[in-house]
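Visitor: I have the model open. Can you walk me through the metal site and what surrounds it?

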Amino acid sequence: MALLRIYETPDPMLRQISTPVETVDDELRALIKDMFETMYEAPGIGLAAVQVGVPKRLLVMDLQEPSDPADENSPPVKLPRVFINPEIVSHSDSEVPYTEGCLSVPDQYAEVMRPDHVRARWLDEHGKSHEEDLDDLLAICLQHEMDHLEGVLFIDHLSKLKRDMVLKKLAKARKERGSRAA
Ligand code: NI
C-alpha cells in the first residue's frame with residue numbers, strides 16, 4: 001500500500017477526460033487500495049483516479065458517517081464503495097444545495113446545486129455490475145466524483161465571481177503555507 005500524490009488545481013491533469021477501465025484485475029485492485037489509503041489519510045469522502053494522476057473511469061468513496069446517527073461525534077463506520085465505469089441512468093428534476101469541497105481544491109468550500117436522487121450503473125472491484133438508486137449525500141458525492149472523469153471541478157459550477165473568490169482564497173492559503181514552511 002502507498003499514499004499517492006493528489007493533484008491540485010490548476011494542474012492540467014485534472015482537466016483530462018478519463019478513459020473507460022477495460023479490465024478489472026489485480027493491478028486495478030492495488031490502485032483501488034492505494035486510493036482508499038490516500039483518501040482516508042487526506043481525509044476525504046471521495047477520490048477519482050484522475051486526482052492521483054490515473055485518468056481512468058474509477059472512483060472510490062466512503063461517506064464515513066458516524067456510527068450513531070444521533071451523535072455526530074461518534075466514531076465513523078467505514079463503508080468503502082468502488083465505482084468503475086459509472087454511468088448516471090436517470091436523475092431527479094429537483095436539485096438541492098450542498099456545500100462541497102474537493103481534495104484537489106484543498107480547504108475551499110462552496111455551495112453547488114445538484115439532483116438529490118440518481119439511478120446509477122457501475123462495476124465493482126470484482127467486475128460485477130450494479131444498478132441502484134442513490135439519494136442525498138451519496139448521490140451528490142457520486143456526481144461530484146463523476147465530474148472529475150470529465151475534467152470538471154466543483155468550482156466550475158460556480159459563477160465566475162464566486163469561482164474567482166475561491167481561487168483567490170486558495171492562492172492566499174498556499175502563500176501562507178509556503179511562508180510558514182520557509
Ligand atoms: Ni473532488
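Visitor: Which protein donors does the nickel ion have?
Guide: C102 (SG), H144 (NE2) and H148 (NE2), lying 2.1 to 2.3 Å from the nickel ion. Donors are N, O and S atoms within 2.8 Å of the metal (3.2 Å for Na, K and Ca); water is not among the atoms, so sites may look incomplete. This is a predicted model: local features need pLDDT of at least 70, side-chain atom pairs count only at pLDDT 80 or more, and totals for chains, interfaces and linings use all residues. Residues are numbered from 1 along each chain as its sequence is written, and side-chain values use heavy atoms, with hydrogens and water left out.

Visitor: How are the donor residues spaced in sequence?
Guide: The pattern is C-x41-H-x3-H. C102 lies in strand 4 (residues 95-102) and H144 in helix 2 (residues 136-149), so the pair ties together parts 42 residues apart in sequence. Helices (H or I, at least four residues) and strands (E, at least two) are DSSP runs, numbered from the N terminus.

Visitor: C102 and H144, buried or exposed?
Guide: C102 is buried, at 9% relative accessible area, and H144 is buried at 7%. Buried means under 20%, exposed over 50%, partly exposed in between (1.4 Å probe, protein chains only).

Visitor: What does E145 touch?
Guide: E145, in helix 2, touches G46, L47, A48, Q51, L59 and M61, not counting residues up to four places away in sequence. Contact means heavy atoms within 4.5 Å.

Visitor: Back to strand 4. In which sense does strand 4 pair with strand 5?
Guide: Antiparallel, over seven bridges, with strand 5 covering residues 105-115. Pairing takes at least two DSSP bridges. V96 stands opposite R114, and a hairpin through two residues joins strand 4 to strand 5.
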